[in-house]
2 protein chains.
Amino acid sequence: MRTHFCGLIDEALIGQPVTLCGWTDVARNLGGVCFIDLRDHEGIVQVTVEPDNVDVFAVAETLGYEDVLQVEGVVRARHAVNAKLRTGQVEVIATKITVLNKAEPLPFHHHENPGEDTRLKYRYLDLRSPEMQRKQRTRIRLVQALRRWLDARGFQDIETPILTKATPEGARDFLVPARMHPGEFYALPQSPQLFKQILMVAGFDRYYQIARCFRDEALRADRQLEFTQLDMEFAFVRERDVQDAVEGMIRDVFREVMDVELDAPFPRLTWFDAMRRYGSDKPDLRFDLELVDVADLVKDSGFAVFTGPANDPDGRVVALRIPGGASLSRKQIDEYAAHAAKYGAKGLAYIKIDEAGAISSPIQKFFSEDAFAALLAHVGAGNGDIVFFGAGAYNKTSDFMGAVRLKAGKDFGLVQDGWKPLWVTDFPMFEWDDEAQRYVALHHPFTAPAVDDIDDLRANARTAVSRGYDMVLNGNEIGGGSIRIHRPEMQSAVFELLGIGAEEAEAKFGFLLDALRYGAPPHGGIAFGIDRIAALMAGTESIRDVIPFPKTTSAQCLMTGAPSPIPDAQLAEVHVSVRKRED
Amino acid sequence: MRTHFCGLIDEALIGQPVTLCGWTDVARNLGGVCFIDLRDHEGIVQVTVEPDNVDVFAVAETLGYEDVLQVEGVVRARHAVNAKLRTGQVEVIATKITVLNKAEPLPFHHHENPGEDTRLKYRYLDLRSPEMQRKQRTRIRLVQALRRWLDARGFQDIETPILTKATPEGARDFLVPARMHPGEFYALPQSPQLFKQILMVAGFDRYYQIARCFRDEALRADRQLEFTQLDMEFAFVRERDVQDAVEGMIRDVFREVMDVELDAPFPRLTWFDAMRRYGSDKPDLRFDLELVDVADLVKDSGFAVFTGPANDPDGRVVALRIPGGASLSRKQIDEYAAHAAKYGAKGLAYIKIDEAGAISSPIQKFFSEDAFAALLAHVGAGNGDIVFFGAGAYNKTSDFMGAVRLKAGKDFGLVQDGWKPLWVTDFPMFEWDDEAQRYVALHHPFTAPAVDDIDDLRANARTAVSRGYDMVLNGNEIGGGSIRIHRPEMQSAVFELLGIGAEEAEAKFGFLLDALRYGAPPHGGIAFGIDRIAALMAGTESIRDVIPFPKTTSAQCLMTGAPSPIPDAQLAEVHVSVRKRED
């Protein structure tokens, strides 16, 4: 139906006949000549219809936004060059125009932004905009570059099931009633974790999959019910084998897709150091602000909020100096406190030193002059600065001070352009869940501990370190992985520590334990969040911009209207019914 | 953990130290020397442990099937070359053996076949066999070759949702209760059909996806609940644009993966001719037997079973001559009749002519001598042949005679080795469903009719031809597609003819109708069944062999135990309950 793409018409074609297909980006009559901006996926070219071409002109005059056309014409050099268009040196003098499909008046034109709900309802209109095309194409190129890299290195792209078994973290499983098995359900996978481990046991050695994963939880701005990860697994490896391989991959892919050279090698931080210095297990290294521990300098002060945690081995008192932060008003300081409170802070003490050296601080009175001066000196506070203080349980305090750090980085324009990747390693194996009175896995229950000795792990579970690792980029966890447990006794011991009894473990993970018994190689892997990496590359905050058909934060597809009610007769066929309110 | 792969050790490495990891395929003590066949994904190498190496020998003597090892050693030329092994020129003299993971006694060794259920339960053991590895790798290479071909030609790999809206063919939808929307459900897609059409409306021009699709129906040997298709769509195309492109793709991919040169161009048959000549819309052209219409020669016979259909414009009387078929016994003839009955035949008349020319036939008596001779002459029957006859409604008769043809092809060894692709085109637009008293779509409701005129389509719905096409290979439909409807009025008219009222169409497909209204280009596409093509390439009858983790015909995963019961409390969270029997 066409000989060329609109966006690729150039001077080499001058004098030649062409047939183009595309959309009427705009059509207008200027001084008796019709000009049509004809658009396809490659770009826009100007189609010119001269009035002496009576029949064609009559058609051109009726055109509206987004009418779909086939245009025959001849390429000509343009009098008034349009430097903004790739095709701006030329125009196509139309000899025939066929309207392939007339467009009704649009709800909005893709050059407008009518709000996200309308954009999502008419996603096909929104996706026509050059900006959305660019974002989607960034994702397409990312995935293509990853595959090419992996295929060239002998990784095997293997599919794992979407209809599978409910997992122990089952509360987040999507359930699918089974027609042939009344009262039974499949679950959609939260990740292909167990299948990829099984593939290693089956001898596949190097696996990858661009895998759809599902998590049925309340949506936040950066979450979707279904998401895509690059899932990888390697047999016969240690941490560095996996890390070095995928670090090279990410570096190569950023070079190819973004023309960016990432640091080599990526910096490495232990989980503990990341929490200590940045108050985050995914620190944003695009700015330097670091937390400073001050327990030793405040433990004898008169301020009970500080002295408690300062004298508790599980407590923390920590300061964050913000250069130039003295410009914060009382109201702005309150906003920082409110922000910290969202992450569990009960208050946010501060010391403000104005440009003249005058100090305002609600906590100065609790310190001797010397102790106060020593504190200021320790954190390096000078004129024009503000210092925020957090105190309390170690992890919680680190968390909220990490949040304060991020807010300060943003508010004070400290965040530099560019790319700051790093590895975070040596995660704790377990977290103690006070409410459930048991350990929970910080990564997942299949992560190997750093110790090989089961008794050692049992005796030191609280402080045990895992063989997990995360790749972090600009404050986002873009990849997470680990060396897995490959011995059945260790896997059973970890299940036990997580409160999963032998019977439950056998019922839920019997096939994994079996697989580990029948010749499982040491293995490990990683999974990368494709949506997030694509969003970072495309320069957008929202992963919805890089998902072709995303759902809203209320879990709906505004275009198709999913989810929707289903006739009861159809539910009967799969042996379920909708619960009544009182059930 | 290793310097080389077991299966790649060769003479170039003689004298060099290597570290290998792998499985103990077998270990045996022969004349005081231990030989270990060490296996990894690349193959097997012989590890030799000499008795003077006391410590290593002691380890080697304890090894059992599938123990996972790390072996350090030196490569040496082998005294007794093993021509069957790629590495058969060399052996590795072990200097150290580390048992990485001991294997318990196996339920079966992958060299054995304990039956499919056991193989599926311990899929990881079964997948270790060279034969299963070969089959899985064929699939992996197929998908890789397809992607490479598509990426090189500007097709864009775009993801569409798995959690989407229930469709009108909803009886086959898998349903997923929505946590945030009590009483509502998502559905898993039977195909990305509507999304890919929407992508064309959105201006993506050339789309593909290796897409997981779902169909909740009773499983046959060649069906799975979830299956994989290469889904493609093109904007601004006609039939031949799609067909020529993908025919080239399939030819290139067969050359790359199988080293096979397919016919160029593929033969083409209309649907009507395929049914007429082969009694199938997916004829197996690896053998020549063709059906021969005989209505004119039997319409005046005394056999009412023939004369009814022979004089009915919607009827058919048809013969199939099987050369050498006179060897069939009475019992075997009955088996043919029973086979035809499965496809709807009420009986299967025949004429058998033995090598000496003696005729046995239950229908001879209904014909005059001349008429009978004319009939034999028309079908070309000679000594040693059998001729089967089918009579009845046109399509049903074609169907069961097509089934008879396939059985004869197999029974008489007529099916040649090799690859016989073809296009089947010009499908009927609709089939009349007698039971529902309405039309049903032969392809799907979005397939364009061959006529552009809506009134013409309405007036001639029964005989209307669609713009659908199938790619057939060796009697399997491996791809199916069509040019789609791109005008909203035509789409509404087709919905109406299918008994989908305006209100229902708006509720279910409003977004598609909208999209067609706001500038939809002419477009079309195709979808290929990856599982089936992989099975054909791998030379296996069962697609389960080329799916890493398939389900049984009773829709279960024997390895994980899916589907499974779910605690009621968890069902309550998604607002459903299991129906009681009496519900």
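**Exercise 1.** Find how strand S23 of chain A is joined to strand S8 of chain B, and in which direction the two run.

*Solution.* In this predicted model, strand S23 (residues 564–565) of chain A is joined by 2 bridges to strand S8 (residues 184–187) of chain B, and the two run antiparallel. Strands here are DSSP runs of E with at least two residues, numbered from the N terminus, and two of them pair if DSSP finds at least two bridges between them. As the next step, look at A:Pro565, whose bridge partner in S8(B) is B:Glu184.

Residues are numbered from 1 along each chain as its sequence is written, while chains are lettered from A in the order in which they are written. Local features need pLDDT of at least 70, side-chain atom pairs count only at pLDDT 80 or more, totals for chains, interfaces and linings use all residues, and side-chain values use heavy atoms, with hydrogens and water left out.

**Exercise 2.** Work out the strand order of the open sheet that contains S7(A), and explain which strands stand at its edges.

*Solution.* The sheet has 3 strands in the order S7(A)-S8(A)-S23(B), with antiparallel pairing. Strand S7 (175–177) of chain A and strand S23 (564–565) of chain B each have a single partner strand, so they stand at the edges and one side of each is left without a neighbour in the sheet. Between S7(A) and S8(A) there are 3 bridges, and A:Pro177 has A:Phe185 in S8(A) as its bridge partner.

**Exercise 3.** Describe the interface between chain A and chain B through its contacts and its buried area.

*Solution.* Begin with contacts, meaning heavy atoms within 4.5 Å: 123 residues of chain A are in contact with 123 residues of chain B. The buried area, which is the accessible area (1.4 Å probe) that the two parts lose on being put together, summed over both, is about 10800 Å², and carbon and sulfur atoms give 60% of it. On the side of chain A, the residues that lose the most area to chain B are A:Phe236, A:Tyr518 and A:Arg579, together 8% of what that side buries.

How values were computed
Helices (H or I, at least four residues) and strands (E, at least two) are DSSP runs, numbered from the N terminus.
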